[in-house]
Amino acid sequence: MNLDFQNLTYSQIFILAFGFIFAILLLLSFYIKTRANKKFRNLSGQIVIVTGSNTGIGFETAKDCALNGAKVILACRDQKRTQPALESINQLCPNQAEFIRLDLGDLSSVRLFVNEFKSKYNKLDLLINNAAIILPERNLTKDGFETQIGTNHFGHFLLTNLLMDQLKAAPQFRVINVSSLAHTFSTIDFDDLHFEKRSYKQFEAYAQSKIANILFTINLQKRIDQQKLNGISVSLHPGTVRTDISRNQNPLFRVLYTLAYPLFYLFSKSPNQGAQTTLYCIHEDFDKLVKGAYYSDCKKQNFGNKCITEENAQKLWDLSTKLVKL
Ligand SMILES: NC(=O)c1ccc[n+]([C@@H]2O[C@H](COP(=O)([O-])OP(=O)(O)OC[C@H]3O[C@@H](n4cnc5c(N)ncnc54)[C@H](OP(=O)(O)O)[C@@H]3O)[C@@H](O)[C@H]2O)c1
């Protein structure tokens, strides 16, 4: 077809413009999805815990670790929902995955999990704090914390601290905290962590919990360094990933999500693609990872919020120690 660019009809201009925009979108979509981890370590003999690994990014992370030889503990709150994940990993790599129940929204469950883990394993090489929840309505955990910060931060805070002896017993250890770009959207309110004084907004609460993940990472690394331990702690954003993290949203949200799905599909990652930055932090040479840093797309990135400071990291650590009764 010969096009006379000076005498294009409106429909020809429309088709050309549409084609051009579509090509740009496809290129952008390709760019978003293809930044993958390229290095793999042999993890034979290593013990790995992945929280929230029955589904989504956590499942892909656990599967990769098992495929690379590690013994993987699926630290999940529901045995029935974890069974398919457990079976699918063990079919690929017999006896390399094990379920131990962990409900991060219940500190007594965290303590039980750690007791069971300690009775079976005397070291821990990799702790992947991946689980998280987003809740549209304000809710409290068994211990009285707002559920998002309670699950996403306080549960992981206690878990990591109680596992410190096991981490120290590994020749080298990594604590990888799955945060989110959502940490840039809000702030952390130390005077009202549990939304008792302000009105509850789910994405503010989620963002606050994801800020907490980064602050926790920073102070944990400081402690690791002060004690001259051979360990590293990093946080990361996995990208926008097509998982079921919005499972608790109201029906209207679900309808809108379904309608927007074709566009969302173009600009989001599959769970396996979403696991790539976690895998990068697992497999990259220990000396090449930046201690305490925040990663996205398999690269170190700057923190995206001015409330991310060493002072706030210390403040959150002190408060968390008190609240989880460490
Ligand atoms: N998807 C995204 O676009 C995106 C973007 C940025 C960051 N992230 C982060 O990526 C991580 C993984 O999320 P995902 O997208 O893979 O979501 P997901 O598929 O919903 O997985 C979340 C996991 O957390 C578990 N979990 C929730 N509450 C728990 C509790 N009280 N105790 C133990 N486990 C609990 C869930 O278990 P149940 O199945 O029992 O509920 C599930 O296994 C999260 O930290 C999330 O904040 C995701």
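Here is a walk through the sheet of this predicted model, the helices on it and some of its salt bridges. Residues are numbered from 1 along each chain as its sequence is written, and side-chain values use heavy atoms, with hydrogens and water left out. Because the model is predicted, local features need pLDDT of at least 70 and side-chain atom pairs count only at pLDDT 80 or more, while totals for chains, interfaces and linings use all residues.

Let's start with the sheet. It is open, with 8 strands in the order β3-β2-β1-β4-β5-β6-β7-β8 and mixed pairing. At its edges sit β3 (97-101) and β8, each pairing on one side only. On average, neighbouring strands are turned by 25° against each other, direction ignored. Helices here are DSSP runs of H or I with at least four residues, strands are E runs of at least two, and both are numbered from the N terminus. Two strands pair if DSSP finds at least two bridges between them. For β6 and β7, which run parallel, there are 3 bridges. Have a look at serine 235, which stands opposite tyrosine 294 in β7.

Now for the helices on the sheet. Helix α5 (residues 147-162) touches β1 (47-51), β4 (126-129) and β5 (173-178), and its direction makes about 170° with that of β4. Helix α7 (residues 202-226) touches β4, β5, β6 and β7, at about 165° to the direction of β6. Contact here means heavy atoms within 4.5 Å. Axes are lines fitted to C-alpha atoms, for helices over the stretch in contact, and angles run from 0 to 180 degrees between N-to-C directions.

On to the charged side chains: the whole structure has 15 salt bridges (a side-chain nitrogen of Lys or Arg within 4 Å of a carboxyl oxygen of Asp or Glu). One of them joins aspartate 297 to lysine 269, with the closest N and O atoms 2.9 Å apart. Aspartate 297 lies in the loop between β7 (294-296) and β8 (299-301) and lysine 269 in the loop between α8 and α9 (271-274), so the pair ties together parts 28 residues apart in sequence. Both partners are buried (under 20% relative accessible area; exposed is over 50%, partly exposed in between, with a 1.4 Å probe and protein chains only). The values are 17% for aspartate 297 and 3% for lysine 269.

Aspartate 244 and arginine 254 also meet in a salt bridge, at 3.6 Å from N to O. Here aspartate 244 is in the loop between β6 (231-237) and α8 (251-267), and arginine 254 is in helix α8, 10 residues apart. Aspartate 244 is partly exposed at 36%, as is arginine 254 at 33%. Finally, Lys39, Glu284, Asp285 and Lys288 are linked in a network of salt bridges.
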